[in-house]
Amino acid sequence: MARTPADLVGAQPDPPFPVTFDGRTVTALHGQSVAAALWGAGILAWRTTRNGGRPRGAFCGIGQCYDCLATINGEPNRRACLVPARPGDAITTQEGHGRAGLGV
Amino acid sequence: MPDSVSEFQESHGLYDLAVIGAGSAGLAGAVAAAELGLSVALLDTSTHTGGQFYRHPAPAVGAVRPEALHHDWSAYSDLRRRLAESEVRHLPGHHVWSVTRGEEDGDFWAVHAVTGADGDGERPVRVRARAVLLATGAYERQLPFPGWTLPGVVGAGGAQAMLKSGLVLPGRKVVVAGSGPLLLAVASSLAAAGARVPAVVEASGYLRYARHPRALVTNPHKAVEALTHGAALLRHRVRVRVRSAVTEVHGTDRVEAVTVTRLDRDWRPVRGTGRRIECDALAVGHGLVPQIELATALGCTTRSLPDGTRALALDDLQGTSVRGLWAAGEAGGVGGVQLAYTEGELAGVAIAAQVLGSPVHGGRVRELKRRRGRMRAFADAMATVHAPGPGWPRWLRDDTDVCRCEEVTAGRIHEAVEDLGARDARTVKLLTRAGMGWCQGRMCGAAVACLASRGGTAEPPLERRPFATPVPLAALAALDAPVVDEPRDPS
């Protein structure tokens with residue numbers, strides 16, 4: 001029985017690269033979405049809700065639910081399950097609607 | 001191709017056909033139409049073709065056996081090869097937000113899209129075409145329960161999608177729950193990829209398929225699929241519990257365990273039967289919802305399906321009620337990948353005949369129609385077997401979030417219905433903001449409609465959204481001067 005998803009499909013990926021999540025270094029693979037890279041590092045939540053401040057991460061996985069919104073390189077409201085991870089990306093927990101800097 | 005068609009194209013910069021969605025149905029339709037001589041644009045949000053069913057890792061991941069996570073990979077490989085050999089213009093990373101009738105003279109459609117990984121508005125694009133094939137697929141239906149917003153609870157299809165494309169799992173020990181045959185496929189994929197799956201929890205019962213003998217006998221491939229998944233689950237020692245549901249998730253910051261409760265025939269939890277199962281993730285889904293907002297915005301007629309969702313009403317050649325607008329695959333009712341191929345090809349052939357002004361006939365069309373009828377019958381049986389029972393709202397507590405985006409609880413919806421007189425999902429939305437957030441009711445629509453019906457027959461949500469995907473204001477401001485993607489000069 002295969003032990004990991006990568007074993008199962010015989011993945012021979014390009015060398016992994018670092019991104020950061022709230023300042024902590026996380027390893028991602030070329031071709032993975034930001035959400036997949038975070039799941040791969042055991043991180044399931046990267047947003048807090050506007051009203052209750054509750055943690056959320058990827059739910060539908062296909063760009064429909066908008067629960068996985070993240071701030072990526074300073075830009076809020078990116079759907080992490082669709083956006084590919086790129087070397088050096090700075091992913092930060094998105095609080096509320098992600099526009100705190102604008103005061104709206 | 002007749003001269004008149006090429007001349008028309010040259011003078012108007014029109015494609016003969018714009019296909020929206022590059023999954024199984026859209027690919028089959030685009031390739032079939034292009035092979036009959038039409039100029040075709042194929043738009044899709046993803047960077048790869050294949051849709052949700054054939055989601056696969058990006059080339060950089062170097063998966064030498066992507067087929068290990070798929071059934072019938074050869075059918076997809078074949079379509080992908082035909083696409084590469086065709087003149088179809090593939091437009092990946094295009095998020096279509098609206099389809100409108102051409103505003104100038106002539107009978108054509110304008111397909112409006114924004115580009116970028118998640119449609120963040122790199123640039124607006126307009127594609128003009130004489131016919132449009134909607135192959136927009138479906139998304140997962142969710143029913144809420146206490147704890148379903150906790151990190152570690154993910155859509156069953158979502159877990160499958162993240163595994164297929166990102167090669168990641170939501171946890172090491174994953175309970176799979178909900179209703180529908182997708183659960184078996186998800187559980188066997190997760191187990192094959194190294195997760196422990198303590199249980200598959202199915203709210204309905206598979207024996208109910210026995211009430212649809214004709215649909216079973218005429219679709220033997222479905223029985224083979226079920227046996228394949230069943231054997232895989234046995235091999236991985238996965239237990240399947242029928243007539244049961246996850247009625248609560250435990251944990252503070254993430255999933256630590258779930259409670260599985262037996263259900264009566266109306267899906268009411270049976271008191272005192274709750275059992276706790278330790279796990280670090282829950283993959284849950286209650287079937288699929290056809291994604292049809294582009295069509296309903298244009299006034300296409302819909303039909304109600306036996307599972308309480310709504311799909312497009314289509315004629316025997318895949319035409320919608322609006323001339324020039326066609327649909328194939330899950331948008332016409334959820335029926336699986338083979339039905340999607342069949343309908344896609346049928347639509348492609350029918351559209352080519354209409355554009356070229358030739359009649360639709362021949363043995364191939366008859367055979368496609370026969371296959372479609374047979375598989376649609378199975379899809380109806382499947383929808384009947386897995387339709388949510390009226391008792392599921394008994395899972396809810398007053399503080400359970402129903403609308404994930406706006407954090408609207410069951411208690412507030414109950415208040416809108418009982419005290420303020422709301423009788424439908426739209427009124428509940430206006431009173432509580434349920435369904436008014438980012439996802440525009442995609443996640444809570446089915447549940448809110450059911451709660452608004454107060455235990456009666458829920459009217460399915462209308463799937464009316466003026467924008468099929470959020471559009472930056474800058475993209476709307478640039479509507480006067482979008483990049484217009486036109487077919488290449490046929491000479």
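Residues are called buried when their relative accessible area is under 20%, exposed when it is over 50%, and partly exposed in between. The close-up views below show a predicted model.

Figure 1. Ring pairs join B:Phe53, B:Tyr54, B:Trp73 and B:Tyr76 into a cluster. B:Tyr54 and B:Tyr76 form a stacked pair, with 5.0 Å from centre to centre and 10 degrees between the planes. Because B:Tyr54 belongs to the loop between strand E2 (40–43) and helix H3 (73–85) of chain B, and B:Tyr76 to helix H3 itself, this pair ties together parts that are 22 residues apart in sequence. B:Tyr54 and B:Tyr76 are both buried. The ring centres of B:Trp73 and B:Tyr76 are 5.2 Å apart and their planes stand at 65 degrees; the pair is therefore edge-to-face. B:Trp73 and B:Tyr76 are both in helix H3 of chain B, 3 residues apart, or about one turn of the helix. Both of these residues, B:Trp73 and B:Tyr76, are buried.

**Figure 2. The largest nonpolar core of the model.** This core comprises 53 residues, and those with the most contacts inside it are B:Phe145, B:Val153, B:Val246, B:Val249, B:Val258, B:Leu282 and B:Ile413. Elements of chain B that supply two or more residues include strands E9 (174–179), E12 (244–250), E13 (257–262) and E15 (281–286), together with helices H11 (410–418) and H13 (445–452). The greatest contribution to this core, 5 residues, comes from H13(B). A second, separate core has 52 residues, among them A:Val9, A:Ala58, A:Cys68 and B:Val176.

**Figure 3. Surroundings of B:Val258.** Leaving aside residues up to four places away in sequence, B:Val258 touches B:Val175, B:Val246, B:Glu248, B:Val249, B:His250, B:Arg275, B:Arg276, B:Ile277, B:Cys279 and B:Leu282. B:Val258 is also one of the residues with the most contacts inside the largest nonpolar core.

**Figure 4. Packing of helices H11 and H12 of chain B.** H11(B) packs against helix H12 (residues 425–432) of chain B at an angle of about 115 degrees, and the two axes are 10 Å apart. The crossing of H11(B) and H12(B) is right-handed. On the side of H11(B), the contact is made by B:Arg412, B:Ile413, B:Ala416 and B:Val417, and on the side of H12(B) by B:Val428, B:Leu431 and B:Thr432. Sorted by class, the residues in the contact of H11(B) with H12(B) are 5 nonpolar, 1 polar and 1 charged.

**Figure 5. Two residues of chain B with positive phi.** Most residues other than glycine have a negative phi. B:Asp72, although not a glycine, has a positive phi of about 55 degrees. B:Asp72 sits in the loop between E2 and H3 of chain B, and its relative accessible area of 38% makes it partly exposed. B:Gln318 is likewise not a glycine, and its phi is positive at about 75 degrees. The loop between strand E18 (310–312) and strand E19 (325–327) of chain B holds B:Gln318. With a relative accessible area of 1%, B:Gln318 is buried.

Figure 6. B:Trp148 is located in the loop between strand E7 (138–140) and strand E8 (153–155) of chain B. Its relative accessibility is 1%, so B:Trp148 counts as buried. B:Trp148 and B:Arg404 are separated by 256 residues in sequence, yet their C-alpha atoms are 9.2 Å apart in space. Apart from residues up to four places away in sequence, those touched by B:Trp148 include A:Phe59 of chain A, as well as B:Val153, B:Val249, B:Asp401, B:Arg404 and B:Met443.

Figure 7. A:Gln94 forms part of strand E8 (residues 94–95) of chain A. A:Gln94 counts as buried because its relative accessibility is 1%. Beyond residues up to four places away in sequence, A:Gln94 touches A:Trp46, A:Arg47, A:Thr48, A:Leu69, A:Ala70, A:Thr71, A:Pro76 and A:Asn77.

Figure 8. The loop between strand E5 (109–115) and strand E6 (124–134) of chain B contains B:Glu122. B:Glu122 has a relative accessible area of 61% and is therefore exposed. The C-alpha atoms of B:Glu122 and B:Ala475 are 8.6 Å apart, although 353 residues separate the two along the chain. B:Glu122 touches B:Thr115 and B:Gly116, with residues up to four places away in sequence not counted.

Notes
Residues are numbered from 1 along each chain as its sequence is written. Chains are lettered from A and ligands numbered from 1 in the order in which they are written. This is a predicted model: local features need pLDDT of at least 70, side-chain atom pairs count only at pLDDT 80 or more; totals for chains, interfaces and linings use all residues. Side-chain values use heavy atoms; hydrogens and water are left out. A nonpolar core is a set of buried Ala, Val, Leu, Ile, Met, Phe, Trp, Tyr and Cys residues joined through side-chain atoms within 4.5 Å. Buried means under 20% relative accessible area, exposed over 50%, partly exposed in between (1.4 Å probe, protein chains only). Helices (H or I, at least four residues) and strands (E, at least two) are DSSP runs, numbered from the N terminus. Contact means heavy atoms within 4.5 Å. Axes are lines fitted to C-alpha atoms, for helices over the stretch in contact, and angles run from 0 to 180 degrees between N-to-C directions. A crossing is left-handed if the near helix is turned anticlockwise from the far one by less than a right angle, and right-handed if clockwise. Ala, Val, Leu, Ile, Met, Phe, Trp, Tyr, Cys and Pro count as nonpolar, Asp, Glu, Lys and Arg as charged, and the others, Gly among them, as polar. Rings of Phe, Tyr and Trp (its six-membered ring) pair if their centres lie within 6.5 Å; planes under 30 degrees apart count as stacked, over 60 as edge-to-face and the rest as tilted.
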